[in-house]
Amino acid sequence: KISEKYDKVFHSGCRDPVAEANRHERANAAFVVLARNKEVEGVVESIKSVERHFNRWFHYPYVFLNDGDFNSTFKETVMNYTSSTVEFGKIDSESWGYPDWTDKNVAKEGINKQGDAAIMYGGMESYHHMCRFYSGFFYKHELLQKYEWYWRVEPEIKYFCDITYDPFIHMANTNKTYGFTIAVKELKETVPNIFRYASAYKRTHNLTSQGLWEMFVEPKEGYNQDGSPKKGTIPPSELPRDDPKYANEKTKPLPEEILNTEPGKGTLPEIDPEAMEGEVYNMCHFWSNFEIARLDFFRSQEYEDFFNMMDRSGGFWMERWGDAPIHSLAAGALLSPSEIHYFRDFGYRHTTIQHCPANAPARQEAHRPYYGPRNDPLEKPTYGTPALDKEWQTWKEEDDYWAK
Ligand code: GDP
Ligand code: MN
């Protein structure tokens with residue numbers, strides 16, 4: 001649980017975004033968008049929203065990545081909707097698709113089986129590639145080398161509140177590494193073995209939890225997620241962390257079938273509950289289609305080792321491990337709660353899941369949207385592209401309506 005104890009909203013209510021933008025230099029950061037040509041419409045929808053609610057003041061650059069080539073329609077259309085620098089990159093074959101140590105036939109069979117079992121996206125080869133790319137490669141792309149921070153954007157996302165301060169600068173100033181706005185439960189059948197491997201990584205590297213790992217562990221019967229006993233059931237002295245039963249957890253040897261998983265075979269062993277020493281994944285993960293994070297977290301040796309161990313298990317093919325639980329469990333193993341930031345003030349939606357600050361506790365104070373027209377320094381459209389200027393009238397009418 002990322003509680004108020006570790007982490008607070010950066011600003012309550014709205015700032016003057018122009019003043020905020022003038023107050024700081026830009027961070028060394030970019031938006032990162034992985035997309036296909038056919039998604040251009042959804043991408044435009046996303047950029048419009050990002051520009052309207054944030055980037056018209058802050059002007060961060062965009063990096064678009066694709067395993068194929070972006071066509072000129074995609075490039076030209078996208079550039080109509082931002083005055084920021086835009087770069088388009090192709091992903092090399094090393095970073096997308098089967099690595100050469102994988103038995104492709106085994107992997108494809110695994111994928112087909114998941115298709116037959118109607119696991120969400122399980123039978124879709126390209127989706128598996130996408131998840132592996134976002135888990136272990138995006139931060140290595142040459143176009144991202146110059147950046148220290150990224151903000152992930154997907155097609156068909158929507159921000160519905162103005163973001164009137166610079167989240168990168170605020171994260172940097174408060175020593176944050178990873179920011180999220182939605183945490184949800186993963187579909188169990190997509191990741192039956194993921195936690196066993198993540199847990200094994202933690203143990204083989206002698207990592208002691210810094211307090212974030214527990215966020216991903218199913219509470220034992222009678223306990224709450226934060227480790228406190230459920231009211232009227234178990235006294236505090238019996239909290240799991242004080243239980244001598246778990247004192248030697250780190251030194252227990254790994255189960256044979258994990259030690260014997262041959263690199264290159266890529267076939268996961270059957271589930272053995274013993275292997276997790278009583279720890280069970282609660283399926284919680286940061287929903288990674290929104291992420292603001294430091295790239296050096298992913299570029300660290302620790303993350304590299306984590307990714308390699310996960311990758312070598314074959315879980316990106318034999319199961320449908322998403323980059324969201326991969327990023328989340330890596331954070332759980334390597335970061336402390338104080339390095340995580342919950343952007344509880346960002347109104348955000350992707351497909352059917354959304355986070356609305358107005359639904360959060362302390363709503364009135366935590367969030368008062370910046371309804372431009374009252375003191376909008378941009379009374380006249382100055383977005384810098386004709387297509388965005390055209391949008392401006394609609395946005396203004398909408399803002400005026402809500403400001404009433
Ligand atoms: P969902 O949000 O989990 O339903 O998955 P999406 O279909 O939105 O995919 C996640 C991200 O990866 C989006 O940014 C997609 O545009 C991108 N993506 C998914 N598959 C591919 C692919 O095969 N090629 C490329 N270039 N991008 C992809
Ligand atoms: Mn998506």
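**Strands and sheets**

Tutor: Strand β1 (residues 29-34) and strand β4 (residues 149-153) run parallel, joined by five bridges. Strands are DSSP runs of E, at least two residues, and helices are runs of H or I, at least four residues, numbered from the N terminus. This is a predicted model: local features need pLDDT of at least 70, side-chain atom pairs count only at pLDDT 80 or more, and totals for chains, interfaces and linings use all residues. Residues are numbered from 1 along each chain as its sequence is written, while chains are lettered from A and ligands numbered from 1 in the order in which they are written.

Student: Which residue in β4 stands opposite A30?
Tutor: That's Y150.

Student: And what is the strand order in the open sheet of seven strands?
Tutor: β3-β2-β1-β4-β9-β6-β10, with mixed pairing; two strands count as paired if DSSP finds at least two bridges between them. β3 and β10 (340-342) are the edge strands, each pairing on one side only.

Student: How does the chain cross from β2 to β3?
Tutor: Those two, residues 62-66 and 86-90, run parallel with five bridges. The chain goes through helix α3 (residues 72-80), and this β-α-β crossover is right-handed: with the strands pointing away from the viewer, the path from the first strand over the helix to the second runs clockwise.

Student: New topic: what's the pairing in the sheet β5-β11-β12?
Tutor: Antiparallel, in an open sheet of three strands. β5 (157-159) and β12 (353-355) each have a single partner strand, so one side of each lacks a neighbour in the sheet.

Student: Which residue is the bridge partner of R349 in β12?
Tutor: Q354.
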